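Please consult the sequence and the structure while reading.

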Amino acid sequence: MKGAKRVLCWMGLGVAVTLVAGCATQDHLYSQGRCLTCINNPVTGEPVNYDPEQQPAIEKDAVAASGDQEVSASSRHGRFSMASPLDVDTAYARVRSEFGFRSDADFNPNSNSDQWAMMDNAWHFDATPGAFYQMSDYARQAVNGAEHSLVLKTQIQRDGSGSRINVEYLPTTSAGYDGDAMGEALEERFRMALR
């Protein structure tokens with residue numbers, strides 16, 4: 001019984017720390033009406049770090065903040081593919097190192113903050129060494145002198161003796177964001193990492 005009380009105490013403390021630390025914020029990433037960075041209580045299903053009523057207002061504010069230059073979701077979300085002569089495992093190691101993708105091993109299972117981070121919809125990791133890697137995480141990229149935060153998804157698969165890399169990206173904010181310039185900057189960064 002003491003063990004159960006201790007677990008409940010730690011869970012309550014973790015929720016309290018999360019809320020006090022400012023998790024109830026409006027800075028969330030939405031894609032196609034779905035919040036990618038929002039967290040629900042696994043027991044009650046209730047929102048922990050967001051107000052579901054605020055999402056439409058956030059989208060309207062983002063468009064209003066862009067002024068006359070309306071930023072649509074399609075111009076913000078981008079994707080590209082490339083081939084590399086590197087084998088799939090080498091390509092994975094270089095891309096992971098360059099962009100800081102995290103695997104399961106990078107998280108401490110005894111840490112509440114790491115457990116919360118693994119529940120974030122922006123993070124994903126799946127690997128079949130020698131054949132396939134799929135990763136998603138937050139990344140930063142400088143474009144036109146400004147650094148932008150984005151969700152970066154990468155799939156690396158074996159293609160003969162080389163590899164095929166498929167990339168998708170979506171900014172977490174739209175202020176000062178140029179989708180075309182972001183695509184060019186990311187593609188160049190991938191090419192440099194895969195040399």
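Q: In what order do the five strands of the open sheet stand?
A: In this predicted model, five strands make up an open sheet with antiparallel pairing. From one strand to the next, the twist averages 30°. The order is β3-β7-β6-β5-β4.

Q: Why is one side of β3 and of β4 left without a neighbour in the sheet?
A: β3 (78-84) and β4 (124-128) each have a single partner strand. One side of each is therefore without a neighbour, because both strands stand at the edges.

Q: Which residue in β7 stands opposite Phe80?
A: β3 pairs with β7 (residues 162-171) in the antiparallel sense, over seven bridges. Across this pairing, Arg79 faces Glu168 in β7. The residue opposite Phe80 is Val167.

Q: Along β3, which side chains point to one face and are buried?
A: The side chains of β3 alternate between two faces.

Q: At about what angle does helix α4 run to β6?
A: Helix α4 (residues 88-99) lies across β4, β5 (132-143), β6 (146-159) and β7. Helix α6 (residues 179-193) also packs on the sheet, touching β3, β5, β6 and β7, and its direction makes about 120° with that of β5. For helix α4 and β6, the angle is about 170°.

Methods
Residues are numbered from 1 along each chain as its sequence is written. This is a predicted model: local features need pLDDT of at least 70, side-chain atom pairs count only at pLDDT 80 or more; totals for chains, interfaces and linings use all residues. Side-chain values use heavy atoms; hydrogens and water are left out. Two strands pair if DSSP finds at least two bridges between them. Helices (H or I, at least four residues) and strands (E, at least two) are DSSP runs, numbered from the N terminus. Axes are lines fitted to C-alpha atoms, for helices over the stretch in contact, and angles run from 0 to 180 degrees between N-to-C directions. Contact means heavy atoms within 4.5 Å. Buried means under 20% relative accessible area, exposed over 50%, partly exposed in between (1.4 Å probe, protein chains only).
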